[in-house]
Amino acid sequence: MDPILNSGDTAWMLISTALVILMTIPGVALFYGGLIRRENVLNTMFLSFVTFAIVSVLWFVYGYDLAFGTDIWGILGSLTNPFFGGVLETKTLSTYASTIPTGLYAIFQMTFAAITVALISGAVVERMKFSAWLAFVPVWFTLVYVPVAHWMWGGGWLAKLGALDFAGGIVVHLTSGIAALALVLLLGVRKDAKLLPHHLGYSIMGAGLLWFGWFGFNAGSAGSAGNLAVSAMIVTNVSAAVGMLAWMLMDKIKTGKPTMLGALSGAIAGLASITPAAGYVNITAAIIIGFVASILAYTAVSWLKPRLGYDDALDVFGIHGVCGITGAIAIGIFASPLINSATTGGILFGNFHLIGVQLLAIIVVGIYAFIMTFVIAKIIDKIIGLRVDEKHEIQGLDINQHEESGYRLS
Amino acid sequence: MKKIIAIIRPDKFEMVKNALEEIGCHGMTVKDVKGRGRQLGITENYRGRDYRIDLLPKTELEIVTNEANVENIIQTIVKTAKTGDIGDGKIFISPVEDVVRIRTGERGENAI
């Protein structure tokens with residue numbers, strides 16, 4: 001039977017796309033914007049906004065084709081429709097989701113690319129030149145995001161090996177987390193390397209929008225409005241809730257009092273970790289994934305980071321990187337063919353092959369993202385410099401990079 | 001004439017303001033300020049790490065009054081703003097040479 005456009009699926013995917021857009025602007029922008037010094041609030045939010053704009057253009061110029069176009073040796077897609085030429089005119093249906101238009105699938109995937117790059121900005125805030133960031137975004141998007149998206153989702157070599165990543169634990173959270181780590185190792189520590197949020201209210205609103213938008217991110221990754229989307233939505237919510245409660249528990253044990261930022265961080269940890277597994281696991285697995293990921297993320301940001309001394313300002317590696325890895329491994333354990341017939345299941349179903357390819361994907365993508373990010377950032381550092389002047393860093397980037405102030409008394 | 005500067009807890013401001021009103025002290029200038037005393041601030045915890053906050057938010061009241069009212073105002077502020085815990089604040093009293101009411105040009109105590 002020929003594929004036919006399904007208006008229910010199309011409606012759901014249009015909504016999912018809009019939900020994921022809401023995650024970056026304003027979700028990430030607000031979440032990050034509240035966590036930094038008041039003198040950097042505009043710069044921090046601007047990083048998310050401008051990233052979204054750059055990726056929005058490049059995705060349709062060549063990004064979608066290279067990520068999702070016809071596979072070339074498992075490495076990259078082919079550039080058959082630059083500028084998305086002819087795709088909208090011919091009104092084709094997507095080969096990845098056969099009941100929705102190709103254009104809709106493409107813009108849905110565009111939002112993933114945009115938020116992945118925007119997430120990295122949280123690590124480098126308060127000290128990176130805006131011009132260096134403008135140079136970093138298109139290059140990193142092209143050399144890291146696009147190929148990795150092809151390997152995992154566009155029929156590339158990892159997909160052929162059977163590696164699974166439902167909504168982006170490896171493509172989104174691992175790549176952004178590892179890239180964040182590579183970037184901050186080059187950038188160095190801030191003059192005032194503290195996490196003292198100037199406006200936690202922004203972060204609460206941002207985290208709320210992220211949680212809300214994540215339903216589009218994960219349930220939308222079903223590609224249609226059916227049982228799989230429902231299942232993904234439920235496990236996403238459960239994992240977020242458990243992640244939040246687990247971080248509060250850690251706060252209570254360690255300091256005696258639960259903190260709001262901790263609760264938000266735990267929720268993000270639960271969301272990020274369930275993302276790769278959302279379409280393959282049941283609620284019991286989601287509870288375990290959210291709980292374990294939150295504890296690991298807590299340990300990474302409160303114990304590992306101060307001991308290793310790198311300045312991942314808003315804990316992009318500690319939360320997204322660690323949770324992306326956790327979720328991607330969890331697939332190899334908990335994946336269930338009863339949830340998704342696309343998999344024969346993980347260890348719990350007697351299959352050990354899946355955990356092997358998941359680990360391979362994590363290691364290869366992690367190393368690739370780290371090396372490529374390091375090289376890209378090193379070259380940008382040589383050409384235009386990565387870091388602002390010390391006096392500008394102390395004064396704040398809003399004035400020095402944009403000649404604007406976030407707050408004015410009169 | 002004296003100027004009284006009282007640094008108090010922000011959450012005590014409404015009570016102090018009402019108590020001063022009851023003793024007939026209406027005029028005041030109020031600012032949100034930050035500061036610290038001997039205890040050197042407090043500790044806050046973000047994502048499992050402790051940070052010492054050196055400067056705490058306080059409210060500053062500035063009152064210029066006749067000599068005769070000074071003691072009554074001070075006692076009212078002390079009684080109302082006191083919790084007994086560290087961080088209740090301080091009161092500073094200094095002489096004022098002259099006062100000018102801009103609207104009428106009056107000078108001295110008549111202008112207060």
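Quick housekeeping, everyone. Residues are numbered from 1 along each chain as its sequence is written, and chains are lettered from A in the order in which they are written. Because the model is predicted, local features need pLDDT of at least 70 and side-chain atom pairs count only at pLDDT 80 or more, while totals for chains, interfaces and linings use all residues; side-chain values use heavy atoms, with hydrogens and water left out.

Okay, the interface. Seven residues from chain B meet 21 residues from chain A, where contact means heavy atoms within 4.5 Å. Together the two chains bury about 1100 Å², 61% of it on carbon and sulfur atoms; that's the accessible area (1.4 Å probe) the two parts lose on being put together, summed over both. On the chain B side, Y46(B), R47(B) and R49(B) supply 65% of the buried area, more than any other three residues.

Now into chain A. T24(A) sits in helix α1 (residues 7-33). Is T24(A) buried or exposed? Buried, with a relative accessible area of 0%; the cut-offs are under 20% for buried, over 50% for exposed, partly exposed in between (1.4 Å probe, protein chains only). Beyond neighbours within four places in sequence, T24(A) contacts A29(A), S48(A), F52(A), I115(A) and A118(A).

N40(A), in the loop between α1 and α2 (41-68) of chain A, is also buried, at 0%. Leaving out residues up to four places away, N40(A) touches E126(A), G396(A), L397(A) and D398(A).

Last, the cores: sets of buried Ala, Val, Leu, Ile, Met, Phe, Trp, Tyr and Cys residues joined through side-chain atoms within 4.5 Å. The largest has 137 residues, and W59(A), W133(A), F141(A) and Y145(A) touch the most other members. Helix α5 (residues 130-153) of chain A gives the most to this core, 15 residues. A separate core of 14 residues includes I8(B), V16(B), V70(B) and I74(B).

Key: Helices (H or I, at least four residues) and strands (E, at least two) are DSSP runs, numbered from the N terminus.
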